[in-house]
Amino acid sequence: MVDRLIEKTGPEVQLESAAQTKGERTRERILDIAYESIVEKGFAATSIEELVEAAGITKSGFFYHFRDKNDMARQLFDRFLSEDEKIIETLEQRARELSDDPLQSLLIFLNLYAQMMDDMETLHPGCMVASVTYQERLFDSEMKRMNVDYLLRTRQRFADWLKEIVELHPPKMEADLDALADHLTIIVEGAIIYAKALRDPAMMGRQTRLFRSHVKLLFGA
């Protein structure tokens, strides 16, 4: 999934991947099916029985890979967060290679990110972060901690980038950099939900570009 998303933003980048055993492929298949089910209809409505049937394995095969449904959810969420951060890291690296100016590189990043969002509906069935947040009471404390840690890491990544920008491009008005860093995640997560409700897949890319315009105006690009 990571490769397919990143390919949409420019020249293909080959991410490292080791050859998988049959057991590892089965585990990944179960996680793929669970992911689509959870973001589509929720964690509570996703049963082990349907996952087993869809994967074409026995119930004992499921429990060979996962202790229980919560263990599967934790492994799935860990994989999702790792893939998501790998996408962001790859796009940031591309953007910084294209410009040494932190403001210009962020604007390039946001353009690449918006391009990726344009194809999100066909490449990416939904967001686990949004699912875990909205269904928080259904998940255990470890899942909640993973979600909060991820959001804080994301805030720090973009806040640090914005601090680089401020050193060279003072904002045209007072700006809370942590809030501005959160703003991108809020826009993306909100756009995913709105796009589904209004059946408007173009909304995600459009909203990301509006954020990009806001950044340009704020820093006088």
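Of the 221 residues of the protein chain, 44% count as buried, where buried means under 20% relative accessible area, exposed means over 50%, and partly exposed covers what lies in between (1.4 Å probe, protein chains only). The model is a predicted one, in which local features need pLDDT of at least 70 and side-chain atom pairs count only at pLDDT 80 or more, while totals for chains, interfaces and linings use all residues. Residues are numbered from 1 along each chain as its sequence is written, and side-chain values use heavy atoms, with hydrogens and water left out.

Among contacts in the protein chain with a separation of 6 or more, 72% involve residues 24 or more positions apart; a contact here means heavy atoms within 4.5 Å. The protein chain exposes about 12000 Å², and carbon and sulfur atoms supply 50% of that area, as found by the Shrake-Rupley method with a 1.4 Å probe, where for residues only the protein chains shown count as cover.

The axes of H2 and H5 come within 10 Å and cross at roughly 90°. These axes are lines fitted to C-alpha atoms, for helices over the stretch in contact, and the angles run from 0 to 180 degrees between N-to-C directions. H2 is therefore roughly perpendicular to H5, a label given to angles of 65 to 115 degrees, whereas those under 35 count as roughly parallel, those over 145 as roughly antiparallel and the rest as oblique. On the H2 side, the contact includes Leu31, Asp32 and Tyr35, and on the H5 side it includes Leu76, Arg79 and Phe80.

Charged pairs come next. A search of the whole structure finds 18 salt bridges, each being a side-chain nitrogen of Lys or Arg within 4 Å of a carboxyl oxygen of Asp or Glu. One of them joins the side chains of Arg79 and Asp32 (2.8 Å, N to O). Because Arg79 lies in helix H5 (residues 69–98) and Asp32 in helix H2 (residues 22–41), the pair ties together parts that are 47 residues apart in sequence. Arg79 is buried at 14% relative accessibility, whereas Asp32 is partly exposed at 31%.

Another salt bridge is formed by Lys59 and Glu49, with the closest N and O atoms 2.7 Å apart. Lys59 belongs to helix H4 (residues 59–65) and Glu49 to helix H3 (residues 48–55), so this pair ties together parts ten residues apart in sequence. Both partners are partly exposed, Lys59 at 40% relative accessibility and Glu49 at 46%.

Arg157 and Glu92 also form a salt bridge, their closest N and O atoms being 2.7 Å apart. This pair links distant parts of the chain, with Arg157 in helix H9 (residues 141–168) and Glu92 in helix H5, 65 residues apart. Arg157 is partly exposed at 25% relative accessibility, while Glu92 is buried, with a relative accessible area of 13%. Salt bridges that share partners join Glu89, Glu92, Arg96, Arg157 and Glu164 into one network.

Finally, the surface carries a nonpolar patch of about 490 Å², made by Tyr134, Ile193, Tyr194 and Leu198. Patches consist of residues with over 30% relative accessible area and no salt bridge, like charges being joined within 9 Å and nonpolar side chains (Val, Leu, Ile, Met, Phe, Trp, Tyr) within 5 Å. Helix H10 (residues 177–198) gives the most to the patch, with three residues. Tyr194 sits in helix H10 and is exposed, with a relative accessible area of 53%.

Technical notes. Helix = DSSP H or I, 4+ residues; strand = E, 2+ residues; numbered from the N terminus.
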